[in-house]
Amino acid sequence: MTTDGSKLGFYLLLAPILLWLVVLIILPHLGLFWVSISEKIGPREFQTGFGNYVTFFEEPLYWRTFARTAIMSILATALTLIFGFPIAYYIAKLTRGRTKTTLFLMCMIPFWVSELVRTFGWMILLRETGVFSNLLQYLGLVSGPVEFLYNDAAIMVGLVYTSILFMVVPLVTTLDSLDDSLIEAGYDLGGNSLSILREIVIPHAMPGIVSGCIVVFMLSLGNYLTPILLGGKDSLWFTGMIYTQFITRFNWELGSALGFLLLALSSGVVFLGLKLSRQSLADTMGRA
Amino acid sequence: MIPTVPQPGFAKWCYRAYVTAFFLYLALPLAVVCVFAFNNSVFPSLPWEGFTWAWFFGTEAPFIGVFNERSILRAIGTSAFVAAWVSALAVAVGTCNAFLFVRHSFRGKSLLYILMLLPLIIPGVILGISILVFASAIANTLEDATGLWFDGLRPGLILVILGQFSFITTFATLVISARLQKFDPSLEEAALNLGASKLGAIRQITLPFLMPAILASAVVSILMSFENFNTTLMLVGSESPLTITMFDKLKQGSTPVLNAVSLLLIVMSAVLGILSLLFQKPKR
């Protein structure tokens, strides 16, 4: 398609994308790294060094929160997979036509709504004066108000809720492409539901499982609203620490270092997931 | 477990029950948010004090409705302003990118494609702080050099727009590229044979073909911009968009006026979401 006349057109098309990627993505991240290796030695005086990273490893609060955020995100990812898989299978394999479209749409509507509204909904349900507490009192199961909010379980409920669609959608797509006759053949050859699930369904769904897990882990790791609003005073989350360093403490150097560590963890997991499943970023993300 | 292979009734029943429970779990938080928007009480919680419209139209304190609450109306205006800019920019750049990736082959194309996808895997908070740090560095340098003020590079609406644009463009590019890939180039060649100029052919033939994808990505961009929190949080200045305003109010302790705003947001999101699906639906 390329002709002489379109040479100019080509450069005109190249300009916006380069401008976007260089000015808003590449340079800011290089700048972030640069700030993260600057140590403050006086007012407006800096020297280059890894002091901020050393602070991270020496201060237990920072690396413990980092580890906690990572572990809770892994747990949230696993729970999302366990809860989401049967739903995806139901939508992909056990429904047809209109029902399928409707169920799929019902899955999507909550995710078009702002995360803030969804989290607010959970606060109304879980708090001491909330719906669940009142329901339990009404049923006579407990004698006084119960606080369900402000603990790690509440964070987990919120995280799973927030990210389950990103697990269900890729799973439905991959399970849709699994031919029913393969499952029938499995039964004909004497398999039971469990062995068929293990030998046929899960191997086929693997690309969907991997891309779902990557996205859910990333979203949980980078989440700010859910842990801050649903978690208690001790439920620290790494994004919350970054926010504190930047906005409250105005310590941008340490904040940048923390931000870079979060970015490294998140990218590392994405890279590892893609390598393990032998997929490319273009295939995985293009599907979303 | 597929329809053609019979399963014991009990297992089937359990499965159905689980699916039903799951959809209840999905609907529950949104449902309570909507219901408590009509509770005649100053707290969005039980007991139920009776039905009221006050949280929408009320004028007397403490029952000030959404439509009379200045701060919320202003925040909605700010959000709409940001969303309009983000959507326009993202769709314009996304369309260019689609033409670039579908129509041209050049050295480093696959590298550029991967770079284009990167904003999807960068956490929103990091995207926010990196742009904040970079813009401030430029502002400091420029101010030291010239002695003038560069407020546009300090936290504020311009940075919010740029921050949201930086990742929403990727979505617009993917949606529009997918549609352009389905375009039959012979249609454009026919237009050229019939005497159209290159640009004329694109305007008359290709862009109308792309229109559903362009509209759909514009709607999705508006939706994503309206709802974005993480990136916006780091870049916001004195004028805050709706999600930030609601977050601040929520931290202070909430009244059902937040439920009323949320109800409006839910309705708007559902309408926009369904609209974007309708645009993308193949008509032929």
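In this predicted model, the second largest pocket takes the largest share of its lining, six residues, from α5(B). The points below begin with that pocket, then turn to the interface and the salt bridges.

**The second largest pocket**

- The volume of the second largest pocket is about 880 Å³.
- Its lining consists of 28 residues, and those closest to the centre are A:F250, A:W252, A:E253, B:S136 and B:N140.
- From chain A, the elements that each supply at least two lining residues are α1 (5–36), β1 (38–42), α11 (238–248) and α12 (252–277).
- From chain B, α5 (124–146), α9 (230–235) and α10 (242–252) likewise each supply at least two residues of the lining.
- By residue class, the lining of this pocket comprises 18 nonpolar, four polar and six charged residues.

**The interface between chain A and chain B**

- The size of an interface is often expressed as the accessible area that is lost when the parts come together.
- Between chain A and chain B, about 7,800 Å² is buried, and carbon and sulfur atoms give 80% of this area.
- In chain A, the residues that lose the most area to chain B are A:W20, A:W112 and A:F120, which together account for 10% of what that side buries.
- The contact involves 86 residues from chain A and 85 residues from chain B.
- Ten residue pairs are in polar contact across the interface of chain A and chain B, with both residues at pLDDT 80 or more.
- On the side of chain A that touches chain B, α1(A) gives the most, with 19 residues.
- That side of chain A divides into 62 nonpolar, 17 polar and seven charged residues.
- The number of salt bridges between chain A and chain B is zero.

**Salt bridges**

- Side chains of opposite charge can pair when their charged atoms come close.
- Over all chains, the whole structure contains four salt bridges.
- A:D176 and A:K100 form a salt bridge, in which the closest N and O atoms are 3.0 Å apart.
- This pair links distant parts of the chain, for A:D176 lies in helix α7 (residues 152–176) and A:K100 in helix α4 (residues 97–112) of chain A, 76 residues apart.

Definitions and conventions:
Residues are numbered from 1 along each chain as its sequence is written. Chains are lettered from A and ligands numbered from 1 in the order in which they are written. This is a predicted model: local features need pLDDT of at least 70, side-chain atom pairs count only at pLDDT 80 or more; totals for chains, interfaces and linings use all residues. Side-chain values use heavy atoms; hydrogens and water are left out. On a 1 Å grid over the protein atoms alone, a cavity is a set of points where a 1.4 Å probe fits but cannot get out, and a pocket is an open set with protein on both sides within 12 Å along at least five of seven lines; lining residues have an atom within 4 Å of a point. Grid points are joined across faces, edges and corners, and a volume is the space filled by probe spheres set on the points. Helices (H or I, at least four residues) and strands (E, at least two) are DSSP runs, numbered from the N terminus. Ala, Val, Leu, Ile, Met, Phe, Trp, Tyr, Cys and Pro count as nonpolar, Asp, Glu, Lys and Arg as charged, and the others, Gly among them, as polar. Contact means heavy atoms within 4.5 Å. Buried area is the accessible area (1.4 Å probe) that two parts lose on being put together, summed over both. A salt bridge is a side-chain nitrogen of Lys or Arg within 4 Å of a carboxyl oxygen of Asp or Glu. A polar contact is a pair of N or O atoms within 3.5 Å; within protein, one must be able to donate a hydrogen and the other to accept it, and residues adjacent in sequence count only if both atoms are side-chain atoms.
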